[in-house]
Each structure stands twice: as structure tokens, then as C-alpha cells.
Amino acid sequence: MSGKRTEPKQPKQQLRVGRLTKAHGLKGAIKLELYTDDPERRFVPGAEFSLQVPTGSKWHGKTIRLAELRWYNGHPVGFFEGVTDRTEAETLIKAILWVDQDDTVEEDAWYDHQLVGLRVLRDGTEVGTIARVDHLPAQDLLAVKTRDGEVLVPFVSAIVPEVDIKAGTVTVTPPTGLFEDVPDDADADAPDADSVAGSEGADAAVGEPQGRTAPEAEGSAE
């Protein structure tokens, strides 16, 4: 039998459900940042994840299987098959975990492909369209293409109060200066996007699928 590995077919859509952040202990455990509101279903023994890692990583193009998920001081820690010591665990740090999309839809949550192309409305007027969703460790950003260029909108409920997939629109209520230049005599105390996004940290959308209820939801593989 040939030992050549056959590359699996890529699924049409995948969901970003977590990121490996730090080795834990000496037996291969790894701390996790979860991007899902349903870890009890996603992170069960035997669950298999596709890995998003740099092309130079030994894990590029591979999958990994969960042996057990434990909680230490409120933080999730994963044990994975074949990862038995800290040295091996450290080769997986910063890897993003993906699973195949299923038919489950979480409340107030959307997939990237549902958001891209939606018209962005401000006070009932179209200001642009969503070009992509950028997934950062702290929160997700909607990259909005406008006639004046690209605007990055924090995907939090204070700034994006409504997403209407059927209507093909997203309603935004941005702080002053996000979509336009602020005059020099503008109120210096006016909140900017970062301050508003920070105050809504609990609502930041980086989960799976993309919503506003978790801390990453979804990006392209490096």
C-alpha cells in the first residue's frame, strides 16, 4: 500500500470555533480561546478540527482530534491525540481550529459568507457594502467598502444593532469619525470606535458562526 497521503476534499464552508493559545503543563495540554457559544457540542472527545497554521508549520494541511476538554479556573484546556508533551504542544500555539459547517444556526449569529455583500445602512442611507470579515483576537471587524475607501467597523451591538439577511442589509450606528473626517473643532470627548468597542467587549463577535456573543469567528487559512 502506498504511503502517500491523500489530501481531503475541502468542505464548501467551515466554521472557526477556537484558537490554541498556550501550552499548559507538561503533558501536551493546550489552553483554548473559544469562538463558539456551544463548546459542549463542539469540543467533545473525538471531535476533529482542521488547522489554520502558517505554511511552514509541520501541522499545515493536517487535522487534529480532541481527546478531552477540561476547565481550569474557568479557562478551557484541550488534550489532543498524539500531543503528549509540552514541546509538541508548543508547535500548535496560535493554530486556529475549524470544523465543517452543519445546519445548526445560533441566535444572533452569522457566517462570513452570509455577511459579505450585504448593503450597509446608516440612518436609512446606504454607505457601502461588506467586503469581508476580519477576525482579530479581541473582536471581529466588518470591512465596509465605501466610495471613499474601506472602513473597518467593530462588529458589536452598539455599532451594528441589526443584521437582516433576508433584506440584504446591515444597519450601523457608528460613532462620529468612523465614516467621515471629524472637524478640528469637534467635541474632543466624542467616543471613537475603539472606546465603544471596548465597552461592548462582552458582545464582540469573533465566534462561530459570526455573531456578537463570543470573544474568532472566521478567516482564511494562511
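**Close-up views of the predicted model**

**View 1. Arg-16 lies over the face of Tyr-35, at 4.0 Å from the ring centre.** A charge counts as over a ring if NZ of Lys or CZ of Arg is within 6 Å of the ring centre and within 35 degrees of the ring normal. A second case involves Arg-70, whose charged end sits over the ring of Phe-79, 4.4 Å from the centre of that ring. The model is predicted, so local features need pLDDT of at least 70 and side-chain atom pairs count only at pLDDT 80 or more, while totals for chains, interfaces and linings use all residues. Residues are numbered from 1 along each chain as its sequence is written, and side-chain values use heavy atoms, with hydrogens and water left out.

**View 2. Six strands close into a barrel.** The secondary structure of the chain comes to four helices and 14 strands (DSSP runs numbered from the N terminus: helices are H or I of at least four residues, strands E of at least two). Around the barrel the order is β1-β2-β5-β4-β3-β6, and the pairing is antiparallel (two strands pair if DSSP finds at least two bridges between them). Strand β3, residues 48-52, is joined to strand β4, residues 63-72, over three bridges in the antiparallel sense. Phe-49 faces Ile-64 of β4 across this pairing. Three bridges also link β3 to strand β6, residues 96-100, again antiparallel. Here Leu-51 has Leu-97 of β6 as its bridge partner.

**View 3. The largest nonpolar core has 24 residues.** Such a core is a set of buried Ala, Val, Leu, Ile, Met, Phe, Trp, Tyr and Cys residues joined through side-chain atoms within 4.5 Å. Phe-43, Phe-49, Phe-80 and Leu-97 have the most contacts inside the core. Two or more residues each come from β1, β2, β3, β4 and β6. Strand β1 gives the largest share, four residues. For the chain as a whole, 43% of the 222 residues are buried (buried is under 20% relative accessible area, exposed is over 50% and partly exposed is in between, with a 1.4 Å probe and protein chains only).

**View 4. Gly-25 is found in the loop between β1 (14-24) and β2 (29-34).** Gly-25 counts as partly exposed because its relative accessibility is 35%. Arg-86 is 61 residues away from Gly-25 along the chain, yet the C-alpha atoms of these two residues are separated by 6.8 Å.

**View 5. Strand β10 is mostly covered, with six of its seven residues buried.** Strand β10 covers residues 140-146 and pairs with β11 in the antiparallel sense over six bridges. These two strands form a hairpin, with two residues between them. Strand β9, residues 125-135, is also joined to β10 by six bridges, and this pair runs antiparallel. Leu-141 has Pro-154 as its bridge partner in β11, and Asp-134 stands opposite Leu-141. Leu-142 is bridged to Val-153 in β11.

**View 6. Lys-94 has a positive phi, near 80 degrees.** Most residues other than glycine have a negative phi. Lys-94 is located in the loop between α2 (86-90) and β6. The residue counts as exposed because its relative accessible area is 62%.

**View 7. Asp-123 has a positive phi, near 55 degrees, in a residue other than glycine.** Its place is the loop between β8 (119-122) and β9. With a relative accessible area of 74%, Asp-123 is exposed.
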